[in-house]
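Here are a few exercises to work through with the model open beside you. Try each task before reading its solution.

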Amino acid sequence: MQDIDAALFELVNAGPSAPAWSLQFASFASDILPALLALALAIGALFDRRWRHAFFTAMVGVLAAWLIVQAIRWAFPMPRPAYYGLGIQWVPQGIRPGFPSLHAAGAFTAAFSLWCLPWRSPMLAALAVAATVAWSRLYLGLHFPSDVVAAAMLGALVSILAERGIRLMSRTRTSPASARAPGGRLRSRTRRA
């Protein structure tokens with residue numbers, strides 16, 4: 001598996017003859033596109049209740065994905081390609097672990113959080129953005145393909161679990177059972193004098 005991972009990395013990683021514009025685009029995709037995706041979700045949340053739900057799901061999911069990635073990197077510190085002398089690392093990352101890709105995990109978590117919307121086009125557009133972020137991490141020599149594939153799967157799982165958890169919590173909070181007193185009587189919303 002590592003041989004396939006390294007071979008795929010070598011195919012995607014920008015070589016010494018890569019045009020400057022492609023490196024600039026990859027840096028833009030890696031650093032700016034995730035923020036633009038979050039901004040698009042926030043703007044949608046300003047105008048529609050369903051987008052607010054998706055935005056909240058994305059924020060909870062991205063936080064959870066960040067925590068999970070940090071835990072995985074701490075427990076299983078897998079090196080980046082530069083550690084093995086593979087390819088060119090166009091953006092310095094030092095010796096920090098690289099599995100899974102935090103950039104890709106965050107972008108895919110935010111993108112998959114849009115599955116709860118009634119329209120598919122926002123999620124498909126966000127998935128294209130997330131795929132571009134994942135590509136940029138490979139192109140810049142920062143991750144192996146397995147790092148971004150694992151991040152995409154993590155993003156899908158975390159976003160679904162976050163959405164289900166938020167939905168369950170909101171149902172529990174607003175259910176008629178929560179308005180009942182211990183004896184089965186409805187609680188009064190007014191205080192007695």
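Buried here means under 20% relative accessible area, and exposed means over 50%. Keep in mind that this is a predicted model.

**Exercise 1. Get your bearings: how many helices and strands are in the chain?**

Step one is the count: the chain has 7 helices and 0 strands. Step two is the order, which from the N terminus reads α-α-α-α-α-α-α. Step three is burial: of the 193 residues, 38% count as buried. Last, look at contacts with a separation of 6 or more: 78% of them come from residues 24 or more positions apart.

**Exercise 2. Which residues of α2 are buried, and where do they sit around the axis?**

Start with the helix itself. α2 has 12 residues and spans 16 Å from first C-alpha to last, close to the 16 Å expected at 1.5 Å a residue. Now apply the burial cut-off: Ser22, Leu23, Ala26, Ala29 and Ser30 come out as the buried residues of α2. These residues cover an arc of only 125° around the axis, so they lie on the same side of α2. The background is simple enough: an α-helix has 3.6 residues a turn, so residues three or four places apart point the same way.

On the face turned away from the buried side of α2 you'll find the exposed residues Ala20, Trp21, Gln24 and Asp31. Finally, ask what the buried residues of α2 pack against: the partners are α3, α5 (102-112) and α6 (121-139).

**Exercise 3. At what angle do α2 and α3 pack, and which residues meet?**

First the geometry: α2 (residues 20-31) and α3 (residues 33-47) pack at about 45°, their axes 4 Å apart. That angle makes α2 oblique to α3. Then the residues: from α2 come Phe28, Ala29, Ser30 and Asp31, and they meet Leu33, Pro34 and Leu36 of α3. Sorted by class, this contact has 5 nonpolar, 1 polar and 1 charged residues.

**Exercise 4. Is Glu163 buried or exposed, and which residues does Glu163 touch?**

Locate the residue first: Glu163 belongs to helix α7 (residues 145-174). Its relative accessibility is 1%, so Glu163 counts as buried. Now list its neighbours, leaving out residues up to four places away in sequence: Glu163 touches His53, Thr57, Trp115 and Cys116.

Terms used:
Residues are numbered from 1 along each chain as its sequence is written. This is a predicted model: local features need pLDDT of at least 70, side-chain atom pairs count only at pLDDT 80 or more; totals for chains, interfaces and linings use all residues. Side-chain values use heavy atoms; hydrogens and water are left out. Axes are lines fitted to C-alpha atoms, for helices over the stretch in contact, and angles run from 0 to 180 degrees between N-to-C directions. Helices (H or I, at least four residues) and strands (E, at least two) are DSSP runs, numbered from the N terminus. Angles under 35 degrees count as roughly parallel, over 145 as roughly antiparallel, 65 to 115 as roughly perpendicular and the rest as oblique. Contact means heavy atoms within 4.5 Å. Ala, Val, Leu, Ile, Met, Phe, Trp, Tyr, Cys and Pro count as nonpolar, Asp, Glu, Lys and Arg as charged, and the others, Gly among them, as polar. The expected span of a helix is 1.5 Å times one less than its number of residues. Buried means under 20% relative accessible area, exposed over 50%, partly exposed in between (1.4 Å probe, protein chains only). The arc is that of the directions from the helix axis to the C-beta atoms.
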